[in-house]
Amino acid sequence: MGLGECLKSQVLCQVLISYVFLASGLLINLLQLCTLPVWWLNKSLARRINCRLGYCISSQSVAILDWWSGTECTLYTDPKMYPLYGNENGIVVLNHQFEIDFMCGWSFCDRFGVLGSAKVLVKKELAYVPVIGWMWYFLEIVFCKRKWEEDRITVSQSLQKLRDYPENFWFLLFCEGTRFTAKKHQISMEVAEKKGLPKLKHHLLPRTKGFWVTIQNLRGTVAAVYDSTLNFRNNESPSLSGILSGKKYHADLYVRRIPLESIPEGEAECAAWLHKLYQEKDGFQEQYIQTGRYPGPIVSAPRRLGPLINWLCWSALLLFPLGAFLVSLLSSGSTLTILASLAFCYGGQCPPFKHNARGILCLLFYLTFRQRAEF
Ligand SMILES: CC/C=C\C/C=C\C/C=C\C/C=C\C/C=C\C/C=C\CCC(=O)SCCNC(=O)CCNC(=O)[C@H](O)C(C)(C)COP(=O)(O)OP(=O)(O)OC[C@H]1O[C@@H](n2cnc3c(N)ncnc32)[C@H](O)[C@@H]1OP(=O)(O)O
Ligand SMILES: CCCCCCCC/C=C\CCCCCCCC(=O)OC[C@@H](O)COP(=O)(O)O
């Protein structure tokens, strides 16, 4: 193991990264709160400011993925469509299988200049997660309760508000509605059978109502659906903790641009269209598993320096006071205080506390990533 890898695998590094993310995130949340008066004076300006502030948070996750772990993201798409990406509004339909799929999504957003304005339909519970959830509130992210009787009104209202959004945005939809597991797949295929729909091998049966309501409300605002299929090389299942400890993965994303006019308007026709799309997506997944690649050419969408610069600036800003505090602690000369601090910092690496340190570090992520067993 080289020096770089050894450094990245240190729990202390991961604690420092998390500290920078949390401290800067809360500070940015506070700044977002301060933009509230601007909303009443100049809504468009408030939205643009919040895009920049949101970028300061989400691009840290991109920096961890692209620069800290060195994960590579390869794009398969029609080169003729490439100039449109980032220069129009799009609805992204993505498979939901991997723990870090949202990070790869954000990385592609950054590569096309729409990271600050990226939107998504997320479960309401995520709105209460500090930093990310609070940031989303100011970015006008669309929350759903996964109770159609309520969502049909609230989701429509939130989508209508995006019609005069001042920046180009991508609206991400995980139509499967939850992350893929074997058990959920089995239940979902039973539903498919009851509905007389063809079975899918690599996807859950898509939930069609959210897609239909999105198309209906964003028609005229959004130019196309970006049908996107994500996979990782070597059959890897990447994890957030792997990324944090510097493990490099290789993501492949296949994107097809489908003009919105070609999607039927009626609810039943739109649902049938989405089911057909997922059958095609299933075929692309199968092809990837069999051959290690998607149909179509690879186009270059390189990682950008912005996230790295943003991350380094926040790190410098927030690690400096921490370092100054440690120096003052050491120079205090109190043996007891120094020993207590060392025990606090390194205790997490000694058995039986080894996993506790990571446990504390990942508490926030646990709240977010826990899977609902009852689904
Ligand atoms: C160039 C590069 C391109 C792309 C780059 C890629 C991406 C970048 C883009 C943006 C990035 C931005 C942000 C990313 C950041 C973070 C995102 C992170 C995480 C979000 C994760 C989530 O929160 S996912 C959960 C929330 N989302 C959804 O649920 C969406 C899908 N769901 C729906 O649409 C639902 O319809 C609903 C939520 C609107 C309403 O749900 P409800 O359950 O009330 O109704 P349903 O219609 O779904 O259910 C009733 C019908 O479903 C049938 N049924 C029952 N059981 C099942 C089952 N197990 N499977 C399937 N279907 C089932 C039931 O029979 C009913 O059928 P009907 O025929 O009567 O409709
Ligand atoms: C710490 C260093 C910087 C790392 C940056 C990473 C930021 C991560 C912080 C908080 C995470 C918030 C992002 C939310 C994305 C979570 C995706 C998710 O939760 O999917 C669950 C969804 O499928 C449905 O779940 P269930 O059907 O309820 O099961």
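## A tour from the helical ends to the ligand

Select residues 16–40 to begin: over this stretch the chain is 96% helix and 0% strand, with its end C-alpha atoms 38 Å apart (helices, H or I, are DSSP runs of at least four residues, and strands, E, of at least two, numbered from the N terminus). This is a predicted model, in which local features need pLDDT of at least 70 and side-chain atom pairs count only at pLDDT 80 or more, while totals for chains, interfaces and linings use all residues. Residues are numbered from 1 along each chain as its sequence is written, and side-chain values use heavy atoms, leaving out hydrogens and water.

Next select residues 308–330, where the chain is 100% helix and 0% strand and the end C-alpha atoms are 31 Å apart. An unreviewed UniProt entry places the feature "transmembrane region" at residues 16–40 and 308–330, although such annotations may be inferred rather than shown by experiment.

Now select ligand 1, which 35 residues surround, the closest being Trp-148, Lys-195, Arg-207, Lys-209 and Gly-210 (a residue is near if one of its heavy atoms lies within 4 Å). By class, this shell has 21 nonpolar, six polar and eight charged residues, where Asp, Glu, Lys and Arg count as charged and Gly is among the polar ones.

Then show the side chains of Lys-209 and Arg-207: an N or O atom of Lys-209 is 2.5 Å from an oxygen atom of ligand 1, and one of Arg-207 is 2.9 Å from an oxygen atom of the ligand. Elements giving two or more residues to the shell include helix H7 (148–161), helix H9 (208–218) and strand E7 (250–259).

Conventions. Chains lettered and ligands numbered in written order. Polar contact = N/O pair within 3.5 Å; in protein donor to acceptor, adjacent residues only side chain to side chain.
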